[in-house]
Amino acid sequence: MLLELNVKNIALIKDISVTFEKGLNIMTGETGTGKSVIIGSAVLCMGGKAKTDIIRKGADYAYVEMVFSLDDSYRRKKLEEMGFSVEDGIISLSRKIMPQRSINKINGETVNLSMLREVSGLFIDIYGQNEHQSLLNNKKHLEILDMYMGDEAEEILIKQKALYKEWQDAKHKLEKFDLDEKQRLREIDIDEYELEEIDNAKISENEEEELLKKYKKLKNARNIIEYVNNAYEYIDSLDIGIPSSEINHALKFDDSLKEIYDTLCDADSILSGIRRELREYIENIDIDEEDFALTEQRLDEVRNIKAKYGQSFEEITSYRNRLEERLNELYEYDKNLEKAKKQLADSFNRLEENSRMLHEKRMEFSLGLCNKVREELLELGFNSVELELAFEEKTPQADGKDIVTFCISLNLGEKKRPIGEACSGGELSRIMLAIKTVLSKSDGVSTLIFDEIDTGISGRTAQRVSEKLHLIALEQQVICITHLPQIAAMADIHFVIKKYEQDGRNTTVIEKLAEANIEEELARLLGGAELTSTVYENAREMKKLADKYKNKQLHNC
């Protein structure tokens, strides 16, 4: 469950903190107060795309944090598998957005966006404003079906993607076999030349670094000798024996000088060792012009090979191995062509077989999905609903070979048609609500957020939607932004979002309404320019009926 949402410096929001509760959390407010900015902030914290222009003017960064309670073993196990400790039953997700980058954290540990999305997806699902429009695209229909299948089809879907990649790789490999004899011989000549050049160079790992070190030493040999010789002469001029002898005489009368005497003896021994090593270095160093020339030549050769075939030993080796592999293909071109054709055919057959299994699994689950969505739609005020998923076939791809389309009839005797053709905007909105309800029961997310689920609906339909939201909220936490009083009246917790002027700027705030103030907010949603006594009476009646419905449902449970 979402416990807190903290937002700083996002659009009109300077600094707000919202504490949510179980049940149906409703947010209302005038147009332009920043209601959707709050939902957008949650989307950002879930790994949504961030634009730097969301940062409030004058601020250095934008920040959003969501804090969840963890009260089930499934999510706890999932998080522990990902490496997160949740001993206190609390997990926090945060995102700090700056002009150049963003910092994402889970329980204080920095993570990438992919991990942020994966973890947030365990807890929360957001139904965005106008998301029902995605139902006009049948790619969304396939996504819905696959989400409904869940773990039952996960292995097949993962395998499908792997087999599709294998098939694509086999196609690309076969595409290389498009040479006539003249082109084949020309490519053999080029590849043989490059392979021979790499092999003759016999470059070893870290060779350039070693050559560069030797080159610098040989190039500066005379300077090195001069510096080392100067150091030797200076050290050789030092005679520690004299002070050592004098202190030794004094030691006969004061044994506290023993430590100083021992140190002088050690220094004399160290200097003797340094003199010996410097003398050996001077005697052994050799200014070999020929060695210098050979080193310079070899360094140029190594750098030339790197410039042509790769910037590291590993890259050169990889390029050389690809050359050898390609030459083997070219030497036995016809044989390898047939082999590539067979590999392509075999990979396609495996892809086709897995696509068939995936299709059968989807067919198996499609009936259950449609039945459950149909049940939800009947509860949302549709008098007659016939729903099915129509399947068409395409060339197998990473998502299989199925094109699926929700087809619906909302009137008795009418032919089922694609929902994009058969439904209005308000009907699409309710259909998406029904689908979200079914999917939420399948994936078990603890929190559902609906941003203006009431788009395109009113009257009795709005009442049905409010009742559905209440029923969902009996099992899962629901957060909903609405402008309809029928939905607002069903709230277990009601927040109002306001905009006010501070220091010459507009700022968004959010307040939890006390019971005594809910009636006035419902009246505002019901009324027009003037809030009359009749409007207030309607608001009281609407709240009374909503409470009666809720008490009835609780009694039935």
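**Close-up views of the predicted model**

**View 1. The second largest pocket and its lining.** The second largest pocket of this predicted model has a volume of about 230 Å³. Its lining comprises 15 residues, and those closest to the pocket centre are Met 1, Ser 446, Glu 475, Gln 476 and Gln 477. By residue class, the lining of the second largest pocket is made up of four nonpolar, six polar and five charged residues.

**View 2. Surroundings of Gln 477.** Gln 477, one of the residues closest to the centre of the second largest pocket, belongs to strand S13, which spans residues 477-481. The relative accessible area of Gln 477 is 3%, so this residue is classed as buried. Two polar contacts involve its side chain. In one, a polar atom of the Gln 477 side chain lies 2.8 Å from the backbone nitrogen of Leu 2. In the other, the side chains of Gln 477 and Thr 447 are joined at 2.7 Å. With neighbours within four places in sequence left aside, the contacts of Gln 477 are Met 1, Leu 2, Phe 20, Glu 21, Gly 23, Asn 25, Ser 446, Thr 447 and Leu 448. Met 1 and Ser 446 are also among the residues closest to the centre of the second largest pocket.

**View 3. The largest cavity.** A search of the whole structure returns one cavity of 30 Å³ or more. The volume of the largest cavity is about 40 Å³. Its lining consists of Leu 2, Leu 5, Phe 20, Met 27, Ile 38, Ile 39, Ala 42, Ile 449 and Ile 479. These lining residues divide into nine nonpolar, no polar and no charged. Strand S1 and helix H1 each supply at least two of the lining residues; H1 gives the most, with three. Leu 2, part of this lining, is also the residue whose backbone nitrogen lies 2.8 Å from a polar side-chain atom of Gln 477.

**View 4. Val 37 in helix H1.** Val 37 is located in helix H1, residues 35-45. With a relative accessibility of 23%, Val 37 counts as partly exposed. Beyond residues up to four places away in sequence, Val 37 touches Ile 10, Ala 11 and Ile 13. The C-alpha atoms of Val 37 and Leu 12 are 8.1 Å apart in space, and the two residues are 25 apart in sequence.

View 5. Asn 9 has a phi near 60°, a positive value in a residue other than glycine. Asn 9 is part of strand S1, residues 2-10, and is buried, with a relative accessible area of 13%. Lys 202 is likewise not a glycine, and its phi is positive at about 50°. Lys 202 sits in the loop between helix H6 (181-201) and helix H7 (207-219). Whereas Asn 9 is buried, Lys 202 counts as exposed at 67% relative accessibility.

**View 6. The largest nonpolar core and a separate core.** The largest nonpolar core contains 66 residues, and the residues with the most contacts inside it are Leu 369, Phe 406, Ile 408, Phe 450, Ile 453 and Leu 469. Helix H15 (residues 425-443) contributes the largest share of this core, eight residues. Another core, of 43 residues, lies apart from it and includes Leu 44, Ile 54, Ile 55 and Leu 70. Around Leu 369, the residues touched are Ile 144, Leu 145, Tyr 148, Leu 389, Phe 406 and Val 438, not counting those up to four places away in sequence.

View 7. Lys 543 lies in helix H19, residues 533-556. Its relative accessible area is 13%, so Lys 543 is buried. Apart from its neighbours within four places in sequence, Lys 543 is in contact with Ala 489, Ala 491, Glu 515, Ile 518 and Leu 522. Glu 376 is found in helix H13, residues 333-379, and is buried at a relative accessible area of 7%. Glu 376 and Leu 44 are separated by 332 residues in sequence and by 30 Å in space, C-alpha to C-alpha. Leu 44 is one of the residues of the 43-residue core.

Conventions: Residues numbered from 1 in each chain as written. Predicted model: local features only at pLDDT ≥ 70, side-chain atom pairs only at ≥ 80, totals over all residues. Heavy atoms only, no water. Core = buried A, V, L, I, M, F, W, Y, C linked by side-chain atoms within 4.5 Å. Buried < 20%, exposed > 50% of the residue type's maximum accessible area, 1.4 Å probe, protein only. Helix = DSSP H or I, 4+ residues; strand = E, 2+ residues; numbered from the N terminus. Contact = heavy atoms within 4.5 Å. 1 Å grid on protein atoms, 1.4 Å probe; cavity = no way out; pocket = protein on both sides within 12 Å on 5 of 7 lines; lining within 4 Å. Points joined across faces, edges and corners; volume = space filled by probe spheres on them. Nonpolar A, V, L, I, M, F, W, Y, C, P; charged D, E, K, R; others polar. Polar contact = N/O pair within 3.5 Å; in protein donor to acceptor, adjacent residues only side chain to side chain.
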